[in-house]
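Please read the numbered points below with the model open alongside.

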Amino acid sequence: AGVVVTNKMMASNVPMTALSEGKNDAEYAAPRGGRPASSKLGIQLIVKVCAGAAIVSAMFLILNFIYLGASSEQNNYMDNIKIAVANFETSSTAAIGPAFVKFASSWPGGHGLPKFEVLATPASVSDMRDKVANGDYWGAVVVTENATLRLNTAIGLAAYSASASTSYNPADAMQFFYDEGRFALTVSTKVSAPGRAILAAFCQNFSGSMVQSLAASAKKALLPSVGMNAPTLLTKAVWFTEVKVRAMTAEVSTWGLTVAMILLTTFSFLAWEIACDLTEPVEAPRTSSGYHRLFLDRIGAVLFLTFTLSLSFMIVWEALWAHFPSSEARVSFWMLHWLHMF
């Protein structure tokens, strides 16, 4: 009798208490007045998959908000990005300093470009550097002392000798300070790059104006000889030297993007393992049809997980960065990332 009971227990896979009470397999699998075990298992599976996908998507959303939120709608905050201007040319015959001060004062800024703030009484070049290093200004442009005098001397010497103007360096006329270590994402796109372009435009315009002034003055006889001996004095009379106060460092948004991309790749590669954990309520199958059902459940979990992750990425991108021209472009962006992750 004991052997029969043991075989029955092994065949039905029910506890001894159920057999001792006279319950059969059907009564144990589906208790009277309760929900079938398979139905409870399905609800538990759906809840766990949805909760897991929500947690993973929330982590991914937070990390992407750090990056995309830090760099979104930058033009709305361009009024806060100012570059100080200091003119250390005090001579009454100076031309470079006053010309740049007039240029900077009339510069409107905005539309993705910084604004200039002319300082009435700058202390020294080192003080301007400290103002940038301390975060008082995003950048600073300094017109060095005696810049015009050095240029006029070089032009006068170049009229008589080709080698006399070799000691003149146009880049000594101005210095452009900026701090890449403050926030590289902002400095590289909103300070150094546009500031470099603005200064280059000023230098080219100043060279053209200088040639016109020389042609209309008593020194117009010097132009042919200067053009032959030192033509760069006429085409590039002044230039600027870039000075990085601090080197570039990886800011928070860069680390956030890096971690987010690592997580995105990791989730893509480990989506199957995550799906196995989310489908843990499913019991080990005993038949081939059971294995098929388990495989489909886990494939569904993978599809749902990548579906929510790609959707969350598209939502963040749409809210903070890009504005899709149509709903078709939005869906294409979403489906492309979903296919890439899956």
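**Notes on the predicted model**

1. Cys203 has a relative accessible area of 1%, so the residue counts as buried. Cys203 belongs to helix α8. When residues up to four places away in sequence are set aside, the contacts of Cys203 are with Met174, Val238, Trp239 and Phe240. From Cys203 to Thr235 the C-alpha distance is 9.3 Å, and the two are separated by 32 residues in sequence.

2. Ala200 is also a residue of helix α8. Its relative accessibility is 16%, and because buried means under 20%, Ala200 is classed as buried. Apart from neighbours within four places in sequence, Ala200 touches Trp239 and Phe240. Ala200 and Val238 lie 38 residues apart along the chain, with 9.4 Å between their C-alpha atoms. Trp239 and Phe240 are therefore found in the contact lists of both Ala200 and Cys203, whose relative accessible area is 1%.

3. The overall setting should be kept in mind. The model is predicted. Its protein chain contains 14 helices and five strands. Of the 342 residues in the chain, 38% are buried.

4. How many aromatic pairs does a search of the whole structure find? The search returns eight. In one of them, the ring centres of Phe100 and Phe202 are 5.0 Å apart and the planes stand at 75 degrees, so this pair is edge-to-face. Phe100 is part of helix α5 (residues 96-105) and Phe202 is part of helix α8, so the pair ties together parts separated by 102 residues in sequence. Phe100 and Phe202 are both buried.

5. A further pair is formed by Phe176 and Tyr178. Their ring centres are 5.2 Å apart and their planes are at 50 degrees, so this pair is tilted. Phe176 is buried, as is Tyr178.

6. Ring pairs join Phe100, Phe103, Trp107, Phe116, Phe202 and Phe206 into a cluster. The cluster thus includes Phe100 and Phe202, the edge-to-face pair described in point 4.

7. The charged end of Arg182 is placed over the ring of Trp138, at 3.7 Å from the ring centre. Lys236 lies over the face of Trp239, with 4.4 Å to the centre of that ring. Trp239 is also one of the residues in contact with Cys203 and with Ala200.

8. At least two lining residues come from each of α7 (147-158) and α8 (184-215). By type, the lining comprises seven nonpolar residues, seven polar residues and one charged residue.

9. Most residues other than glycine have a negative phi. Asn146, which is not a glycine, has a positive phi of about 60 degrees. Asn146 sits in the loop between β3 (139-143) and α7. Its relative accessible area is 38%, so Asn146 is partly exposed.

10. Which loop holds Thr90? Thr90 is located in the loop between β1 (82-87) and α5. With a relative accessible area of 73%, Thr90 is exposed, whereas Asn146 is partly exposed. Thr90 and Asn146 are 56 residues apart in sequence, and their C-alpha atoms are 8.1 Å apart in space.

Conventions
Residues are numbered from 1 along each chain as its sequence is written. This is a predicted model: local features need pLDDT of at least 70, side-chain atom pairs count only at pLDDT 80 or more; totals for chains, interfaces and linings use all residues. Side-chain values use heavy atoms; hydrogens and water are left out. Helices (H or I, at least four residues) and strands (E, at least two) are DSSP runs, numbered from the N terminus. Ala, Val, Leu, Ile, Met, Phe, Trp, Tyr, Cys and Pro count as nonpolar, Asp, Glu, Lys and Arg as charged, and the others, Gly among them, as polar. Buried means under 20% relative accessible area, exposed over 50%, partly exposed in between (1.4 Å probe, protein chains only). Contact means heavy atoms within 4.5 Å. Rings of Phe, Tyr and Trp (its six-membered ring) pair if their centres lie within 6.5 Å; planes under 30 degrees apart count as stacked, over 60 as edge-to-face and the rest as tilted. A charge sits over a ring if NZ of Lys or CZ of Arg is within 6 Å of the ring centre and within 35 degrees of the ring normal.
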